[in-house]
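Please open the structure in a viewer and keep the selection tool at hand.

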Amino acid sequence: MKFSNVMSNAGEWLRGEGPHHQIVISSRVRLARNLRDRAFPGWAKKAERTAILELIKPHVEKLPEMQDSFSELLQDLSALEKQVLVERHLISREHAAKSAGSAVIMNRRQTLSIMINEEDHLRMQSMRSGLQLKQAFKLLDKIDTALENELEFAYDQRLGYLTACPTNVGTGMRASAMLHLPGLVLSELINQVVQAVSKIGLAVRGLYGEGTEAMGNLFQISNQTTLGEKEDEIISRLTKVIETIIEKEHDSRQVLIQKKSNTLWDQIGRAYGVLTYAHAMSSKEALNLLSIIKLGIDLNVFPEEKRLPIDELFMDTQPAHLQKTSQQKLNAEERDHLRAQIIRARLKVLPKPDISKLAMDSGNGSSPAPSEQ
Amino acid sequence: MQKVNLCDACSKEKGVQDPTGFALADLLLGIGAAEEIEKGSSAQRCPVCGFTQPDFKKTGRLGCSTCYATFTEALTALLKAMHKGTAHVGKVPQRAHRVGELSDRMRNLNESLQKAVAEENYETAASLRDQIKQLESELTS
């Protein structure tokens with residue numbers, strides 16, 4: 001499979017069909033594994049890294065789940081292509097910085113990606129739309145078991161799976177969900193949620209993980225610890241917390257509709273106006289405004305069938321996607337113009353916000369029901 | 001295992017006692033992590049990959065899986081502070097599971113053997129010895 005195929009196919013997890021997909025954009029689980037008695041990638045010399053890569057790669061490519069996969073050495077990908085994969089969350093930012101001795105293998109549906117020689121010898125990641133952490137882990141567990149029959153993983157009876165960073169030792173598992181929380185942000189309740197979540201050993205991060213800013217009202221929530229708790233316990237604890245946050249988000253949206261409908265209507269109208277008429281837009285502004293449009297769709301102010309084109313804009317307006325689509329390297333100013341142009345064109349299909357639908361919804365007090373007209 | 005003893009001057013020269021050198025470990029693992037690391041023998045070197053504690057202090061990452069055994073003293077406190085528990089309770093690879101089972105059986109057989117010898121029950125002891133030999137060959141296969 002070629003890179004052009006990767007570009008033309010939006011990942012299946014992006015399509016928004018999983019449970020709670022209005023609020024949970026995606027669920028991801030990753031497992032870190034290493035070979036026994038071999039230097040971790042950060043410490044191994046180039047020759048050893050290459051030897052490890054050659055040892056692991058055929059076994060990954062042989063997996064039945066990796067039929068017709070995209071498999072590439074990092075040194076053979078351009079900086080722009082790597083950035084596209086980062087924007088799709090198919091590789092980490094750390095992995096994008098790697099070159100000789102590292103590789104990425106992913107399936108056609110872009111729901112499974114395996115990085116070789118990232119921080120650990122193997123970083124395996126499974127992605128799903130909506131809240132499906134359990135299902136994402138199930139697939140990964142199966143793949144891990146298949147690989148463990150071929151490769152001897154570093155494992156200790158007491159400490160579990162041994163990883164380059166002690167923060168991953170034990171299960172080597174990080175489970176995370178990407179949540180869209182405009183209601184909690186607009187109601188200024190988000191800091192309370194972030195603090196509460198941090199107190200119970202979970203981490204909240206921005207769009208691209210550690211140390212990144214929260215844009216587009218998107219937040220990643222994940223487990224912080226990996227030792228002393230079983231995989232399924234971690235996942236069910238995380239799932240419960242996410243379900244609570246989903247409830248809080250729905251509640252805050254209802255409160256906004258009932259008590260601050262003018263503010264809400266103003267936000268949606270402004271977002272629609274700027275996106276429809278602007279001629280220059282940064283990716284941060286685009287994400288923040290698209291987030292409000294997405295909220296508008298959730299609240300019936302825009303028709304449900306426009307959800308997919310809007311969701312796709314979240315990805316297509318990211319810097320590397322923009323440049324890859326236009327097939328040229330653009331400076332920031334050119335990108336901002338092109339971004340605004342693409343958004344204007346795409347939003348032509350979106351009718352003006354219909355406030356009567358929002359007003360109707362505020363009456364029933366529960367989560368938005370589909371329009372009966 | 002290779003152990004290097006450094007005098008005060010040498011260890012300073014190698015940055016072992018440089019408190020600022022631990023800043024990254026602190027940042028990564030929480031304040032106080034560096035002190036925990038420092039408690040361990042500072043001159044140890046991993047027999048498999050040659051990694052040392054100053055390397056850990058620099059990178060916040062270990063060199064190879066054997067480093068966990070090499071630097072166990074320093075890491076134990078660190079892991080305790082970092083995680084929910086100190087022992088893995090999750091997935092066990094089938095290979096390790098088999099080895100774990102065999103070593104449990106081995107321990108039981110050895111205990112029975114000692115008991116048989118103490119009771120001068122030489123016939124049972126001989127049979128146990130055969131079983132242990134058999135198990136040993138399974139473990140090394």
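This is a predicted model: local features need pLDDT of at least 70, side-chain atom pairs count only at pLDDT 80 or more; totals for chains, interfaces and linings use all residues.

Residues are numbered from 1 along each chain as its sequence is written, chains are lettered from A and ligands numbered from 1 in the order in which they are written, and side-chain values use heavy atoms, with hydrogens and water left out.

**Stop 1: the interface**

Select chain A and chain B together. The contact (heavy atoms within 4.5 Å) involves 40 residues of chain A and 35 residues of chain B. About 3100 Å² is buried between the two chains, and carbon and sulfur atoms give 58% of it; buried area is the accessible area, taken with a 1.4 Å probe, that two parts lose on being put together, summed over both.

Now select B:Tyr68, B:His88 and B:Lys91: in chain B these lose the most area to chain A, together 23% of what that side buries.

Across the interface there are 20 residue pairs in polar contact, both residues being at pLDDT 80 or more. A polar contact is a pair of N or O atoms within 3.5 Å; within protein, one must be able to donate a hydrogen and the other to accept it, and residues adjacent in sequence count only if both atoms are side-chain atoms. On the side of chain B that touches chain A, the elements giving two or more residues are α2 (23-29), α4 (53-59), α6 and α7 of chain B. Helices (H or I, at least four residues) and strands (E, at least two) are DSSP runs, numbered from the N terminus.

**Stop 2: salt bridges between the chains**

How many salt bridges are there between chain B and chain A? The count is 4, where a salt bridge is a side-chain nitrogen of Lys or Arg within 4 Å of a carboxyl oxygen of Asp or Glu.

Select A:Asp141 and B:Lys91, whose closest N and O atoms are 2.6 Å apart in a salt bridge. This pair runs from helix α5 of chain A to the loop between α6 (72-82) and α7 (94-118) of chain B. A:Asp141 is partly exposed at 25% relative accessibility, whereas B:Lys91 is buried at 15%; buried means under 20% relative accessible area, exposed over 50% and partly exposed in between (1.4 Å probe, protein chains only).

Next, select A:Glu229 and B:Lys84, which form a salt bridge with an N to O distance of 3.7 Å. A network of salt bridges links A:Glu118, A:Glu119, A:Asp120, A:Arg123 and B:Arg61.

**Stop 3: A:Arg36**

Select A:Arg36, which is partly exposed with a relative accessible area of 45%. Its side chain forms a salt bridge with A:Asp37 (3.8 Å, N to O) and another with A:Glu152 (2.9 Å, N to O). A:Arg36 lies in the loop between β1 (24-33) and α2 (46-61) of chain A and A:Glu152 in the loop between α5 (133-148) and β6 (155-156), so the pair ties together parts 116 residues apart in sequence.

**Stop 4: cysteines of chain B**

The whole structure has 0 disulfides over all chains, a disulfide being a pair of cysteine sulfur atoms within 2.5 Å. Select B:Cys46: the nearest cysteine sulfur, that of B:Cys64, is 3.8 Å away. For B:Cys64, the nearest is that of B:Cys49, at 3.6 Å. B:Cys46 is buried, with a relative accessible area of 3%, and B:Cys64 is buried at 0%.
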